[in-house]
Amino acid sequence: MDYFLTEEQIMIRDLARKIAQEKILPVRAELDEREEFPWPIIQCLAEADLFGVYLPEEYGGCGGGCFELCLAVEELSRVCGGVAVSYAASALGAFPILLFGNAQQKERYLPEIAQGKKLAAFALTEANAGSDAGGIQTTARLEGDEYVLNGTKQWITNGGEAHIYTVIAMTDRSKGSRGASAFIVEKGTPGFSFGKKEKKMGIRSSATRELVFTDCRIPKENLLAKEGMGFMVAMKTLDNSRPGIGAQAVGIAQGALDEALDYARERVQFGKPISSFQAIQHMMADMATQIEAARALTYAAARYIDSGAKDVSKVSAMAKVFASDVAMNVTTQAVQILGGYGYMREYPVEKMMRDAKITQIYEGTNQIQRNVIALSLIKERAQKR
Amino acid sequence: MKIIVCIKQVPETGNVKIDPQTHTLIRSGVPSIINPLDTYAIEEALRWKEKLGASTLVLSMGPPQAEEALREAVSMGIDQALLLTDRRFAGADTYATAYTLSLAIRKLAPYDLIFCGKQAIDGDTAQVGPALAEHLGIPHIAYVKKIEDIDLQKATVRAHRLMEDGYEILDSRLPALLTVVKEINEPRFPSLKGKMRAKKLEIPIWGADDLGGEVANFGLSGSPTQVKGIFAPPARGKGEILTGEAPLIAQTLIERLKAQKII
Ligand SMILES: Cc1cc2nc3c(=O)[nH]c(=O)nc-3n(C[C@H](O)[C@H](O)[C@H](O)COP(=O)(O)OP(=O)(O)OC[C@H]3O[C@@H](n4cnc5c(N)ncnc54)[C@H](O)[C@@H]3O)c2cc1C
């Protein structure tokens with residue numbers, strides 16, 4: 001399918017593909033096995049300018065948007081979902097600054113993020129506040145010129161590795177969800193430390209870690225937008241980043257289909273390659289069709305966001321839900337096509353199946369995405385009457 | 001400091017086949033790349049540019065499409081590019097190639113360093129670099145695996161030259177020509193910004209008339225080498241891996257080597 005990419009978008013895709021093939025492919029199994037953060041690859045992506053594809057040129061980026069980010073994420077995910085999320089999570093951490101930061105904040109943080117000199121991360125989730133983000137208990141108290149943060153964030157991608165964190169904390173509990181605010185916290189700030197590093201099912205080369213704030217003092221200037229706008233910042237950030245999860249899912253699924261196709265053409269049973277059996281052929285046809293549909297929806301959502309549209313929550317959620325369900329389905333089928341070999345770590349599809357699962361969970365579970373879609377539908381209908 | 005890097009566009013080796021009838025390379029449909037060893041020369045130039053500051057220029061003699069290779073070098077970070085292309089350059093052997101490059105480089109003087117890859121994967125001669133230095137009348141160090149130091153004040157370079165049984169440390173005055181081996185560094189990927197710059201960069205093209213020199217010394221007519229024939233070497237057989245306990249493997253190995261009269 002031709003998505004009419006510009007010359008620049010083709011460059012981004014091809015460069016990400018080249019790095020994925022030459023740098024990530026040879027080490028992905030080892031990174032997964034050892035749960036090792038892929039610093040040398042991050043370095044390489046940084047030197048190739050890929051961390052800036054979605055950031056404006058004035059901040060050292062390449063002037064693209066959500067769509068360019070998706071192209072890079074898809075290519076990296078096709079080879080390794082774990083490396084891809086480490087890359088994508090930096091964008092997730094940068095979006096709040098890009099969307100809501102003032103001139104000084106953008107000037108200070110975005111260039112280093114664009115150059116990949118520093119990674120970013122986004123911290124909303126806590127032990128008792130997952131889907132129900134309104135339940136967060138981390139607090140930020142204004143004392144003179146400083147905010148004092150206390151609390152623990154959980155399962156933060158790039159935790160410990162990133163330098164720049166956007167953190168959602170309560171500035172006024174009495175106001176409920178209108179009492180949350182967003183802050184930028186730098187690694188190394190006294191009172192800011194890292195807790196447990198999680199052992200995961202998939203995306204094992206990515207770092208998922210606790211952030212612990214104990215009387216952590218940050219300058220007042222690190223408040224993003226205004227007090228009370230924390231959830232707005234978080235929701236708009238996720239609206240912008242969810243097509244990226246869609247792209248991750250599309251990439252993982254495509255990688256699994258590639259493997260299944262190669263294998264089916266080689267594996268001989270009953271005297272024929274298994275690709276000659278209609279049962280296998282139909283599985284592959286469905287996989288390919290689903291992937292193309294997921295890609296088309298993801299690209300459309302990303303382009304819609306880049307058009308400057310305001311009502312993006314619904315399409316963004318649709319892209320994430322659909323593509324991630326496709327990824328889970330396609331990777332499961334890929335394992336099936338490889339049979340017992342597919343179940344073995346020597347072949348890459350079992351990892352792809354493990355990696356695919358997370359795309360249905362993070363940045364809002366697929367149940368929550370369906371809630372978002374349904375609510376938008378009902379609201380849109382009501383407004384038309 | 002000014003560094004010139006000479007590169008060659010070559011067919012991607014894995015795919016090169018030889019026509020069994022004509023004994024010539026089948027080039028159609030084979031993608032072209034920068035000669036892999038030349039990418040190490042590019043990388044080394046970039047590293048010294050980053051360290052000491054330098055203007056870098058990449059130079060190639062070849063058909064018009066060799067421009068792609070030059071653009072790729074620019075996308076890695078090289079500043080300028082120059083293409084030598086002319087029908088009269090065609091069919092050049094290592095001698096005529098070195099002669100042609102030397103005329104261009106004389107026009108680009110002054111310069112401090114010239115980097116070349118050790119050899120090209122298609123011709124495999126490793127002659128162009130040293131021959132170019134001779135044409136220019138400057139010293140050269142071949143098979144460089146490490147550049148220890150470049151002293152611009154004293155106009156000297158100290159390099160480690162890879163030998164079969166170790167390495168030599170050599171000092172040379174500048175300007176000098178160095179051919180590099182793959183142990184020297186790890187070439188970087190192109191960057192997006194580099195690619196965008198490369199896309200737009202004007203690449204001057206020089207032909208025989210721009211270079212001056214003896215027309216009879218260019219291309220086929222300037223080439224003392226006569227190719228009698230080209231053939232594909234027989235494919236190498238699969239190696240054998242011995243398994244089992246180390247002492248047993250060693251014993252088997254010795255017996256086999258003796259049987260084949262190798263030891
Ligand atoms: C590997 C990994 C990386 C992560 N990275 C980050 C990060 O970088 N930053 C960050 O802030 N967070 C991150 N998270 C957190 C992630 O976003 C949450 O796990 C997710 O939002 C779901 O929250 P939960 O796990 O607490 O599940 P819960 O909210 O406890 O949900 C449990 C189940 O109940 C369902 N459910 C809950 N509420 C409803 C409802 N109203 N209607 C229907 N079903 C419902 C859910 O869909 C789910 O199936 C990460 C998580 C993981 C596993």
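Here are some friendly notes on this predicted model, meant for someone meeting it for the first time.

1. Start with the layout of chain A. The chain is divided into domain 1 (7-119), domain 2 (121-228) and domain 3 (231-384).

2. Now to the shell itself. There are 21 residues around the ligand, and those that come nearest are A:Thr125, A:Ser131, A:Trp155, A:Thr157 and A:Thr365. By kind, the shell residues divide into ten nonpolar, nine polar and two charged.

3. The side chain of A:Ser131 has an N or O atom 2.5 Å from an oxygen atom of the ligand. A nitrogen atom of the ligand lies 2.6 Å from a polar side-chain atom of A:Thr125. For A:Asn371, a polar side-chain atom is 3.5 Å from a nitrogen atom of the ligand. As for cover, the ligand taken alone exposes 980 Å², and the protein buries 65% of that.

4. Next, have a look at how domain 1 and domain 2 of chain A meet. Their centres, taken over C-alpha atoms, are separated by 22 Å. In this pairing, 28 residues of domain 1 are in contact with 24 residues of domain 2. The two domains bury about 2200 Å² between them, with 57% of it on carbon and sulfur atoms. On the domain 1 side, A:Glu35, A:Tyr109 and A:Leu119 lose the most area to domain 2, and together they make up 28% of what that side buries.

5. For background, most residues other than glycine have a negative phi.

6. How many residues of chain B are in contact with chain A? Eleven residues of chain B touch 18 residues of chain A. The area buried between the two chains is about 1300 Å², and carbon and sulfur atoms give 70% of it. Within chain B, the residues that lose the most area to chain A are B:Phe189, B:Leu192 and B:Lys193, which together account for 52% of what that side buries.

7. Chain B also has a loop residue to check, B:Asp86, found between strand E7 (80-84) and helix H3 (94-108) of that chain. A polar atom of the B:Asp86 side chain lies 2.9 Å from the backbone nitrogen of B:Arg88. Setting aside neighbours within four places in sequence, B:Asp86 is in contact with B:Gly207, B:Ala208 and B:Asp209.

8. Finally, please look at two prolines in chain B. The peptide bond from B:Ala109 to B:Pro110 is cis, with omega near 5°, and B:Pro110 lies in the loop between H3 and strand E8 (113-117) of chain B. B:Leu174 and B:Pro175 are also joined by a cis peptide bond, where omega is about -5°. B:Pro175 is placed in the loop between strand E11 (166-173) and strand E12 (176-180) of chain B. As a general point, most peptide bonds are trans.

How values were computed
Residues are numbered from 1 along each chain as its sequence is written. Chains are lettered from A and ligands numbered from 1 in the order in which they are written. This is a predicted model: local features need pLDDT of at least 70, side-chain atom pairs count only at pLDDT 80 or more; totals for chains, interfaces and linings use all residues. Side-chain values use heavy atoms; hydrogens and water are left out. A residue is near a molecule or strand if one of its heavy atoms lies within 4 Å of it. A polar contact is a pair of N or O atoms within 3.5 Å; within protein, one must be able to donate a hydrogen and the other to accept it, and residues adjacent in sequence count only if both atoms are side-chain atoms. Accessible areas come from the Shrake-Rupley method with a 1.4 Å probe; for residues, only the protein chains shown count as cover. Ala, Val, Leu, Ile, Met, Phe, Trp, Tyr, Cys and Pro count as nonpolar, Asp, Glu, Lys and Arg as charged, and the others, Gly among them, as polar. Domain bounds come from an automatic or database domain assignment. Contact means heavy atoms within 4.5 Å. Buried area is the accessible area (1.4 Å probe) that two parts lose on being put together, summed over both. Helices (H or I, at least four residues) and strands (E, at least two) are DSSP runs, numbered from the N terminus.
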